[in-house]
Amino acid sequence: PILLMLVFAIAEFGVLFGRWQTLSNAAREGARTAVVYRSPCDATTVTAEVKQRVKDYASPLGIALTDANISVSGVCGTSTSSSTVSVTKPYSFDVLPNIAGSVSPTIDLVGSSVMRNEGNG
């Protein structure tokens, strides 16, 4: 039983790490989308593009995100001061939901990325 429990723990950690890596990569893709130079820069349009890019990256890997899960700030920096763009998405991971559903804890995973916005606003 102890060996079986250890095997399940290793497998579950692998799934957990894969989900966290996906969230981090999706955040990086969203931040990169935000900092790509646009002239003129419209914050509403850029924010919508960032959120869509994050959702598009995460959805093939089984992570369904909504706009409410994605936080975007710092888009369209001004020429006098460089700004940063950060994208943060929380995700709750259920540990062994099909085996121990009544005692299954959740682990909150967050992927975030900050990039320097070099474009003019």
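Residues are numbered from 1 along each chain as its sequence is written, and side-chain values use heavy atoms, with hydrogens and water left out.

I checked the span of α2, residues 43-58: its 16 residues reach 23 Å from first C-alpha to last, close to the 22 Å expected at 1.5 Å a residue. The expected span is 1.5 Å times one less than the number of residues.

I then listed the buried residues of α2, which are Val46, Val50, Lys51, Val54, Lys55 and Ala58. Buried means under 20% relative accessible area, exposed over 50%, and partly exposed in between, with a 1.4 Å probe and protein chains only.

Leaving out residues up to four places away in sequence, I find Lys51 touching Asp67, Ile70 and Val72, where contact means heavy atoms within 4.5 Å.

Ser39 lies in the loop between α1 (2-35) and α2. I read a relative accessible area of 59% for Ser39, so it is exposed. Ser39 and Cys76 are 37 residues apart in sequence, but their C-alpha atoms are 9.7 Å apart in space.

I searched the whole structure for aromatic pairs and found two. Rings of Phe, Tyr and Trp (its six-membered ring) pair if their centres lie within 6.5 Å; planes under 30 degrees apart count as stacked, over 60 as edge-to-face and the rest as tilted.

Phe13 and Phe17 have ring centres 6.3 Å apart and planes at 25°, so this pair is stacked. The two are four residues apart in helix α1, about one helical turn. Phe13 is exposed at 54% relative accessibility, and Phe17 is partly exposed at 43%.

Phe17 and Trp20 have ring centres 5.7 Å apart and planes at 40°, so that pair is tilted. They sit three residues apart in α1, about one turn of the helix. Trp20 is partly exposed, at 34%. Phe13, Phe17 and Trp20 form one aromatic cluster.

**Whole chain and confidence**

I count two helices and three strands, in the order α-α-β-β-β along the sequence. Of the 121 residues, 33% are buried. Among contacts with a separation of 6 or more, 62% join residues 24 or more positions apart.

The mean pLDDT of the chain is 78, and 77% of residues score at least 70; pLDDT is the predictor's confidence in each residue, from 0 to 100. Confidence is highest in α2, at 89, and lowest in strand β2 (residues 83-94), at a mean of 67. Where pLDDT is low, the predicted coordinates should not be read in detail.

Technical notes
This is a predicted model: local features need pLDDT of at least 70, side-chain atom pairs count only at pLDDT 80 or more; totals for chains, interfaces and linings use all residues.
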